[in-house]
Amino acid sequence: MADTLVTFLIDCSGSMTAHAEPVAALVDLFARSIELAGATCEVLGFTTGGWNGGRPRRDWIRAGRPRHPGRLNERLHLVFKAAETPWRRARPDLAALLKADLFREGIDGEAVAWACARMRARPEARRILLVLSDGSPMDSATSLANDPHYLDEHLRETVLREESTVEIRGVGVGLDLSPFYRRSRVLDTSVTSGYAPFRDVLELLSRG
């Protein structure tokens, strides 16, 4: 895996709170293992600044609620482990994945674009992005003011565009993400013992 960058992008929407502990343990193990294998690992997350919209929604209301406003909440992009930070030094920051107050809503497409831009700024020749999520993008204010499939379509378009430079895989936490990611796997986080969840992620990493 030399000259490879593996980025975990974690959906920190409210429904993921139930999966926070097994996801944090999985990512912690892989961050250490990838580093030992001589590759580079980054752990990122995404959520929103609040529930049911934020300042963009208030600005939209003051403007008279024009049609097709786009995103109506603030993005919140999180760096739990930067690529250049050793695993051992990053462990306290990885523990922040267990903070329930981080988990709000999820705007996946913009998060994928952000993660890919960070990866392209790195020198590694091979870039693999694993997106861990338990469902479709959801920001209630944005969905109500736009086409109901607005965020879904934006995610699909973003993945298709970014795949020209980054290998993108979806890790569905108890849910099939194949509508959004050509290469995906369903992860059963109810399995509290055994090798199955780790094997599933390893298979995604090994696919060319």
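Biologist: Which residues does E105 touch, leaving aside those up to four places away in sequence?
Modeller: In this predicted model, E105 touches C12, S13, T47, T48, G50, W51, N52, G53, N73, M138, D139 and S140. E105 itself is found in the loop between α3 (87–94) and α4.

Biologist: What makes these residues contacts of E105?
Modeller: The cut-off is heavy atoms within 4.5 Å. Each residue named, W51 and N73 among them, counts as touching E105, which means that it has heavy atoms within 4.5 Å of that residue.

Biologist: How do you know that buried E105 has no salt bridge?
Modeller: The nearest side chain of opposite charge is R104, and it is 8.6 Å away. A salt bridge needs a nitrogen of Lys or Arg within 4 Å of a carboxyl oxygen of Asp or Glu.

Biologist: What polar atom lies 2.8 Å from the side chain of E105?
Modeller: That atom is the backbone nitrogen of S140.

Biologist: Why is D134 called buried?
Modeller: D134 has a relative accessible area of 16%, and buried means under 20%. The value falls under the cut-off, so D134 is buried. D134 lies in the loop between β4 and α5 (140–145).

Biologist: Which side chain joins that of D134 in a polar contact of 2.8 Å?
Modeller: It is the side chain of S15. S15 is also one of the residues that D134 touches, together with D11, S13, M16, H19, V173 and L175, when those up to four places away in sequence are not counted. Between D134 and G172 the C-alpha distance is 5.5 Å, although 38 residues separate them in sequence.

Biologist: What makes β4 and β5 a pair of strands?
Modeller: Pairing takes at least two bridges. Strand β4 (residues 126–133) is joined to β5 by 6 bridges, and the two run parallel, so they pair. I128 stands opposite E167 in β5.

Biologist: How many bridges pair β5 with β6 (residues 184–187), and in which sense?
Modeller: There are 4 bridges, in the parallel sense. G170 has S184 in β6 as its bridge partner.

Biologist: How do you know that strand β5 (residues 167–173) is mostly covered?
Modeller: Of its 7 residues, 7 are buried. E167, R169, V171 and V173 lie on one side, with I168, G170 and G172 on the other, and both faces are covered.

Biologist: Why does T4 count as buried?
Modeller: Its relative accessibility is 5%, and under 20% means buried. T4 is found in strand β1 (residues 4–11). Residues up to four places away aside, T4 touches A39, T40, E124, R126 and I128.

Biologist: Is R65 buried, partly exposed or exposed, and what of H68?
Modeller: R65 has a relative accessible area of 47%, which lies between 20% and 50%, so R65 is partly exposed. H68 is at 61%, over the 50% cut-off, and therefore exposed. R65 is found in the loop between α2 (55–62) and β3 (75–81), and H68 lies in the loop between α2 and β3 as well. R65 has a positive phi of about 55° without being a glycine; for H68, also not a glycine, phi is positive at about 55°.

Biologist: Where in the chain is confidence lowest, and where highest?
Modeller: The lowest is helix α7 (residues 196–206), with a mean of 78, and the highest is helix α4 (residues 108–120), at 98. The chain averages a pLDDT of 92, and 96% of the residues score at least 70.

Note on methods
Residues are numbered from 1 along each chain as its sequence is written. This is a predicted model: local features need pLDDT of at least 70, side-chain atom pairs count only at pLDDT 80 or more; totals for chains, interfaces and linings use all residues. Side-chain values use heavy atoms; hydrogens and water are left out. Buried means under 20% relative accessible area, exposed over 50%, partly exposed in between (1.4 Å probe, protein chains only). pLDDT is the predictor's confidence in each residue, from 0 to 100. Lys and Arg count as positive and Asp and Glu as negative; His and the chain ends are not counted. A polar contact is a pair of N or O atoms within 3.5 Å; within protein, one must be able to donate a hydrogen and the other to accept it, and residues adjacent in sequence count only if both atoms are side-chain atoms.
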